[in-house]
Amino acid sequence: GTGAALLFGSVTKDIEHDGEVAVQADGLPLTEDDLGFASGLRRGVSRGNRVLLLKSEDEQHYDVLLIMEGGEPMAEESIFPFLQPTAAAPAAELPVLRECAWDFTNDRPILRQGVPVVVERAEAVAVWAWNALHTERFLWPCFSPGYGSEIYTLIGQGYQPETKRAEVQRYIEECLLASPYITAVTGMTVAAVGDRLAVAFAIQTVYGEIQMEVETDAG
């Protein structure tokens with residue numbers, strides 16, 4: 001196998017009309033024998049919905065993580081892969097952000113009995129931020145141009161240390177402020193740890209403040 005992967009699918013059968021769920025994805029018609037569902041999603045999907053799937057490492061099973069934007073194609077500027085508007089909006093107008101829980105130490109989704117655990121609000125923003133910062137912007141066709149970080153472009157560049165720190169800070173802010181759930185990035189510090197840079201900062205969100213620290217190979 002090629003390892004676990006995220007992909008889109010289209011719902012072709014639902015509980016209300018067909019008594020079962022089926023999804024067309026990965027060039028295959030997937031039945032309930034092939035599918036797993038995050039809490040409540042089995043009865044929540046409808047024909048024509050787009051859904052986000054996590055394909056297992058052995059490529060034999062697909063977990064439905066999130067319902068996307070109905071049957072309409074997502075706008076190119078929307079931020080894949082999470083449920084968000086395409087432009088900033090007041091907190092009262094934003095839907096509750098939900099994400100697959102994340103193991104930040106091992107950098108992988110958290111599953112319970114094979115089913116992804118779903119988190120909400122501030123914890124979901126932390127998951128979104130972590131994954132956005134660890135995704136190379138513009139390199140992956142499955143992600144929109146507005147999603148990811150450009151820190152990787154600093155590798156091998158002969159910048160002075162202060163210039164490199166300033167660029168790391170700029171790229172982190174640009175990456176995170178793409179989310180309408182994030183209002184500011186504050187208190188950022190950048191420190192050299194061997195040939196890596198450790199960056200600590202606070203993320204101001206519509207749900208409150210999140211503290212985060214990441215390391216980068218911007219050497």
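**Reading the sheet and the cores**

Biologist: Leaving aside neighbours within four places in sequence, which residues is M212 in contact with, and what makes these count as contacts?

Modeller: In this predicted model, M212 is in contact with A126, A129, W130, L133, V199, A200, F201 and I203, once the neighbours within four places in sequence are set aside. Contact means heavy atoms within 4.5 Å, so each of these residues has a heavy atom within that distance of M212.

Biologist: What makes the set of residues around I172, L176, F201 and M212 a nonpolar core?

Modeller: A nonpolar core is a set of buried residues of kinds such as Ile, Leu, Phe and Met, joined through side-chain atoms within 4.5 Å. The largest such core has 35 residues, and I172, L176, F201 and M212 are those with the most contacts inside it. Two or more residues come from each of α3, α4, β13, β14 and β15, and α3 gives the most, with nine residues. A second core, which is separate, has 14 residues, including V11, I15, F37 and Y62.

Biologist: How do you know that β14 and β15 are paired, and in which direction do they run?

Modeller: Two strands pair if DSSP finds at least two bridges between them, and nine bridges join β14, residues 196-205, to β15, so the pair meets that condition. The two strands run antiparallel, and L197 stands opposite T216 in β15.

Biologist: Why are β13 and β15 said to stand at the edges of the sheet?

Modeller: The sheet is open and has three strands in the order β13-β14-β15, with antiparallel pairing. Both β13 (182-193) and β15 (208-216) have a single partner strand, so one side of each is left without a neighbour in the sheet. Neighbouring strands here are turned by 15° against each other on average, direction ignored.

Biologist: What share of the chain counts as buried, and by what cut-off?

Modeller: Of the 219 residues, 42% count as buried, so that share has under 20% relative accessible area.

Note on methods: Residues are numbered from 1 along each chain as its sequence is written. This is a predicted model: local features need pLDDT of at least 70, side-chain atom pairs count only at pLDDT 80 or more; totals for chains, interfaces and linings use all residues. Side-chain values use heavy atoms; hydrogens and water are left out. Helices (H or I, at least four residues) and strands (E, at least two) are DSSP runs, numbered from the N terminus. Axes are lines fitted to C-alpha atoms, for helices over the stretch in contact, and angles run from 0 to 180 degrees between N-to-C directions. Buried means under 20% relative accessible area, exposed over 50%, partly exposed in between (1.4 Å probe, protein chains only).
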